[in-house]
Amino acid sequence: MLANQLGRRGVRTLLVDRHSGPSLETRALGVQARTLEIYAHLGLVERALDLGKRATGANLWAQGRRTARVPLGDIGRDLSPYPFLLILGQDDNERLLGEALRSWGMTVQWNTELVGLEQEPDRVTARLRQPDGTVREVTTAWVGGCDGAQSAVRELNGVAFQGAPYEHVFFVADTQMTGPMVPDEINIYLWRDGFHLFFPMRGNDHWRLVGILPPALRRRDDLTLDDVIPSIRREAGAGLSFQRCTWFSTYRIHHRRAERFRGGRCFLLGDAAHIHSPVGAQGMNTGLQDAYNLGWKLALVVSGGAGPALLDSYEVERIPVARRLLSTTDRAFAVVVSDTRVAGLLRTRVLAKMMALAMRLGKVRELAFRTISQTGIHYRSSPLSETLPGLPDTAPRAGDRFPWLRLELSPNGPSEDLFRRLDDTRFTLIMIGQPAPPGGMPCLGDLLRTLEIPSVPANDRELARARVPRPAYYLLRPDGHIGLCGARLQAAAVTRYLTERLSLGIHTA
Ligand SMILES: Cc1cc2nc3c(=O)[nH]c(=O)nc-3n(C[C@H](O)[C@H](O)[C@H](O)COP(=O)(O)OP(=O)(O)OC[C@H]3O[C@@H](n4cnc5c(N)ncnc54)[C@H](O)[C@@H]3O)c2cc1C
């Protein structure tokens, strides 16, 4: 994702991986709405939707009986063009991103391992072990450490990875099986000592199973699915029939966060920066969005359009996201795995019904969608976010992802998906109830697109729904988050914002 974001902005990267080729394991499964919005800008969303399955509902089971169903099909209607969770394996996601990378003329250099780093004020020298075993030195301006939980970039920079392992051991299996599960939907089996999740996968009777190992099996390292089947049958019912298992793995989960996401000219992204329990399908998505946050900033700095100070905002914005993620997944994980009697009863008797009831409430549904889909992530406390006086408290504020709206963008024109009109390689100035400034904005030149929202009843209704007042203006960063907003646009305020907060102007880095 980072190389794609840089490539489409004309920045070349050298992308190395110590593995011999792309991973063939599905690993992460859930693609969140915010990731799909980013895929749309990359031209990948249609392929992803064709390959994946939309999660239409989650069925909760306890002691062999289905106790509740939570509808998920369009849980985020009016909040995102993709109001659902897409089930699509990490291997497919990596393949799509790899194909996009080739369209920018870049490929991954496999069998190439980072073994050393030396930083100087204006460059980094990386030592790479090549497929033939020799080590070559490469000098570069910046390094993106997207190298997973054992990150060499993190270790070579001496950045601590604080946290601990959970005591539970997970298993994951890709199987062909039949049983009482509701087809094409997520099935969650809650039991006294834990849970099993069944995700529908592409193909007939193809299910991904995730669960925690019974304590008696935790210390064995020669397990196969057959060892786990008796405990799955005990909790999920005897009617399960397993035909095939294409992948079985066990893994211990840690919850850890890098104390810094940056060491000089090196950045940490994805699992290199944060790991946590898989509850909520957040891991892969959070990593992709780390890259989306850093990509436009790095490209601006490399091209000389902005000063290096802009890059300080990467960890300022993403560390709080990781911190919140670790604490929410910790809490959710504690509920689903706690083996006290009370927790067991809560899980099997109360949780399912409570969830189904709560999700009938519009406000709860909206909050759940915003949180899980990652569309609710904001950078309100970032130094790049400035809300000027004059906007009501209920209006979208600087740092928020600008809301998804359907608007008539030309008088008497059709209703259009605003996100399709945003060019995420540029800034966008959205003008509401006032004309666009003649001649654009100094500092931005061709980096700015302006949208004037016509004052027609359909637009007024849509703006009111998202609590966008009139008059107002919103300057969106390339990643769709609001940088600056206010009531009446004053060119001087915008110029000050661009030069002082974004360090825009001509620089060398
Ligand atoms: C069994 C399993 C199941 C999972 N299930 C889920 C799930 O259901 N939902 C979810 O959200 N997440 C899940 N995850 C987590 C998810 O897979 C990760 O969050 C995601 O892979 C992180 O991506 P990444 O690119 O940051 O790191 P990785 O995918 O770990 O990629 C790091 C890459 O860096 C390369 N590398 C490492 N060191 C070097 C070096 N020194 N030089 C060169 N290359 C190097 C590696 O070869 C690797 O290709 C699961 C993980 C596992 C292992």
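This is a predicted model: local features need pLDDT of at least 70, side-chain atom pairs count only at pLDDT 80 or more; totals for chains, interfaces and linings use all residues.
Residues are numbered from 1 along each chain as its sequence is written, and side-chain values use heavy atoms, with hydrogens and water left out.

Visitor: Which of the 23 residues around the ligand come nearest?
Guide: A residue is near a molecule or strand if one of its heavy atoms lies within 4 Å of it. Of the 23 residues around the ligand, those that come nearest are Asp17, Arg18, Gln90, Leu114 and Asp271.

Visitor: How do the residues of the shell around the ligand divide by type?
Guide: Ala, Val, Leu, Ile, Met, Phe, Trp, Tyr, Cys and Pro count as nonpolar, Asp, Glu, Lys and Arg as charged, and the others, Gly among them, as polar. On that basis the shell divides into 10 nonpolar, 7 polar and 6 charged residues.

Visitor: What is the distance from a nitrogen atom of the ligand to a polar backbone atom of Leu114?
Guide: A polar contact is a pair of N or O atoms within 3.5 Å; within protein, one must be able to donate a hydrogen and the other to accept it, and residues adjacent in sequence count only if both atoms are side-chain atoms. A ligand nitrogen atom lies 3.0 Å from a polar backbone atom of Arg18, and a ligand oxygen atom lies 3.2 Å from an N or O atom in the side chain of His19. For the polar backbone atom of Leu114, the distance from a ligand nitrogen atom is 2.9 Å.

Visitor: How much of the area that the ligand exposes when taken alone does the protein bury?
Guide: Accessible areas come from the Shrake-Rupley method with a 1.4 Å probe; for residues, only the protein chains shown count as cover. The ligand taken alone exposes 1,000 Å², and the part of this area buried by the protein is 81%.

Visitor: Which elements give two or more residues to the shell around the ligand?
Guide: Helices (H or I, at least four residues) and strands (E, at least two) are DSSP runs, numbered from the N terminus. The elements giving two or more residues to the shell are strand S8 (113-120), strand S16 (241-258) and helix H7 (283-302).

Visitor: Does S4 pair with strand S13 in the parallel or antiparallel sense?
Guide: Strands of a sheet pair through backbone hydrogen bonds, either parallel or antiparallel. S4 pairs with S5 (residues 65-71) in the antiparallel sense over 6 bridges, and Trp61 has Arg66 as its bridge partner in S5. With S13 (residues 186-191), where Ile186 is the bridge partner of Ala58, S4 pairs over 5 bridges in a sense that is parallel.

Visitor: In S14, which residue is the bridge partner of Asn187?
Guide: S13 and strand S14 (residues 194-200) run antiparallel and are joined by 5 bridges. In S14, the bridge partner of Asn187 is Phe198.

Visitor: How many residues of strand S4 are buried?
Guide: Buried means under 20% relative accessible area, exposed over 50%, and partly exposed in between (1.4 Å probe, protein chains only). Gly57, Asn59 and Trp61 point one way from S4, Ala58, Leu60 and Ala62 point the other way, and all are buried. For S4 (residues 57-62), the number of buried residues is therefore 6 of 6.

Visitor: Is His276 buried or exposed?
Guide: His276 is found in the loop between strand S19 (274-275) and H7. Leaving aside neighbours within four places in sequence, His276 is in contact (heavy atoms within 4.5 Å) with residues including Ile253, His254, Gln282 and Leu325. Because its relative accessibility is 10%, His276 counts as buried.

Visitor: What is the phi of Asn111?
Guide: Asn111 lies in the loop between strand S7 (108-109) and S8, and counts as partly exposed because its relative accessibility is 35%. Its phi is positive, in a residue other than glycine, at a value near 55°.

Methods:
Two strands pair if DSSP finds at least two bridges between them.
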